[in-house]
Amino acid sequence: RREISSITCKQLIEKVPFLKREIRDGRDGLYLGKIATALIPATFIPGDRIICQGEQATHMFFILNGKVDVLVNGNVVATICDGGFFGEVALVANIPRTATVIAATPCNLYTLSSADFNSIIVEFEDMRERIDKIYEERMAKVRLE
Ligand code: CMP
């Protein structure tokens, strides 16, 4: 499969706060290589259904450019844009998709397969802790609504 350039990869990491590791353990090069091989670019046009609520999960998504709407039972509950990500809940919790995600503008995204997601969070424990924290926050919000 096509590997994204390390420049694109660095740009994406700069743009997506989640992807930036905060721990200085000398493994940044290793991490960068792993991310560069794992992330696959994908584009969507307004109205595209990127994720359907209730479906089985295969990937999570990072937004380089664009805006998506998150719908639960047909109601918009959130909008996510440049530098954000989505589709992590089903992967972390091993449950069906909790919401539908639709492109609101043209979107340049990067996808990460569940296999690569799992291998990254096994190898980089700090990334697992961060994703768990974000997952908890999003799910707490869902429970409140
Ligand atoms: P997942 O359940 O895999 O697929 C739908 C995604 O929508 C979900 O992961 C989250 O990334 C996102 N999502 C669901 N509910 C919310 C919310 N309340 N706020 C922001 N994002 C959400």
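**Around the ligand**

Reply: Helix H5 provides the largest share of the shell around the ligand, 3 residues. This is a predicted model, in which local features need pLDDT of at least 70 and side-chain atom pairs count only at pLDDT 80 or more, while totals for chains, interfaces and linings use all residues. Residues are numbered from 1 along each chain as its sequence is written. The mean pLDDT of the protein (the predictor's confidence in each residue, from 0 to 100) is 93, with 97% of residues at 70 or more. For the complex, the predictor gives an ipTM of 0.99 and a pTM of 0.93.

In total, 17 residues surround the ligand, and the closest are Ala78, Phe86, Val89, Ala90 and Thr98. A residue counts as near if its C-beta atom, placed from the backbone, lies within 6 Å of the molecule. Two or more shell residues come from each of strand E5 (75-81), helix H3 (89-93) and helix H5 (125-144). Helices (H or I, at least four residues) and strands (E, at least two) are DSSP runs, numbered from the N terminus. By class, the shell has 11 nonpolar, 2 polar and 4 charged residues; Ala, Val, Leu, Ile, Met, Phe, Trp, Tyr, Cys and Pro count as nonpolar, Asp, Glu, Lys and Arg as charged, and the others, Gly among them, as polar.

Now follow Phe86, one of the closest residues. Phe86, in E6, is the bridge partner of Phe61, and Phe85 of E6 is that of Phe62. With these 2 bridges, E3 and E6 pair in the antiparallel sense; pairing requires DSSP to find at least two bridges between strands. E6 (85-86) is an edge strand, as is E1 (40-44), in an open, antiparallel sheet of 4 strands ordered E1-E8-E3-E6. E3 is joined to E8 by 6 bridges, and Met60 has Leu112 as its partner in E8. Because 5 of its 7 residues are buried, E3 is largely enclosed by the rest of the structure; buried means 20 or more other C-beta atoms within 10 Å of a residue's own.

Phe62 leads on to the largest nonpolar core, which has 30 residues and in which Phe62 and Leu109 have the most contacts. Such a core is a set of buried Ala, Val, Leu, Ile, Met, Phe, Trp, Tyr and Cys residues joined through C-beta atoms within 7 Å. H3, E3 and E8 are among the elements that give two or more residues to this core.

Note on methods:
A residue is buried if 20 or more other C-beta atoms lie within 10 Å of its own, exposed if 12 or fewer, and partly exposed in between; C-beta atoms are placed from the backbone.
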